[in-house]
Amino acid sequence: MDLIWMMAMISISDLERMRDKKDINGLIKALDITEDKRIREKAAYILGDIDAKEAVEPLINLLNDEYWPIRKAAVVSLGTIGDKKSVEPLIDVLKDEHWHVRETAVWALGAIGDRRAVEPIINALNDGSLNVKCEVVDALGNLGDDRALEPLKGILKENDYILRSCAVMSLGKIGDASVEYLVSSLGDESYLVRVNAANALGTIGDKEALPYLKGALEASNGESHEFESALKRAINKIDSK
């Protein structure tokens, strides 16, 4: 009873001391015993900060908490810890009612890098939240799976240039199979998309992109210094290989 009372009176300062001491058991107990939502949320974040692998199951249990910031904190920490046991529970979180939590779940799955998440993340492109879709595009690049090629190609037709820009960066992470899609983005109406496409092609280093990069440089005719610089860097990178 004394322990329950003590934990109910826990403060942020107490949590910070637990962080310093890496008191994982104390932090896990704080998730359940205290009724203070802020304390529980903070404890969940700290467990991720200190890479507390022993806390994976307690954090998974928080994914159904009624307070969405606590769910988000648990998701962030699970993504940071990176234990594969959390992949399936995090896939379920892609259906969470709050977009902040869904967005963070996409990030966490991308950070863990388990290919089981590829199809569920692709399906999350249908999410109504632009923030979630941006995170999905980024995660698909981090996962580096060829199954993402066609969905990312579809994003290149979106009206939002930020989404298109994210898509070309992710295509660059996937590698050689992305070259034909990235080449088409050298003519995008947004200079940011064009710059990112050039940078991605330079990183991939496929010599088949050279004629397109050189053609874009000739056609640019001083239109955008940043784009031309990106094209020159990409050309030099590929030529030096």
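Visitor: What share of the contacts in the protein chain with a separation of 6 or more comes from residues 24 or more positions apart?

Guide: That share is 63%, where a contact means heavy atoms within 4.5 Å. A word on the basis: this is a predicted model, in which local features need pLDDT of at least 70, side-chain atom pairs count only at pLDDT 80 or more, and totals for chains, interfaces and linings use all residues. Residues are numbered from 1 along each chain as its sequence is written, and side-chain values use heavy atoms, with hydrogens and water left out.

Visitor: Why is α14 called mostly covered?

Guide: Buried means under 20% relative accessible area (1.4 Å probe, protein chains only). In α14, 10 of the 14 residues are buried, among them Val-193, Arg-194 and Leu-201.

Visitor: What do the buried residues of α14 pack against?

Guide: Their partners are α12 (161-174), α13 (179-184), α15 (210-220) and α16 (225-239). Just after α14, Gly-205 has a positive phi of about 80 degrees.

Visitor: How does the radius of gyration of the protein chain stand against a compact globule?

Guide: The radius is taken over C-alpha atoms, and the globule rule is 2.2 Å times the number of residues to the power 0.38. For 241 residues the rule gives a value near 18 Å, but the protein chain has 22 Å.

Methods
Buried < 20%, exposed > 50% of the residue type's maximum accessible area, 1.4 Å probe, protein only. Helix = DSSP H or I, 4+ residues; strand = E, 2+ residues; numbered from the N terminus.
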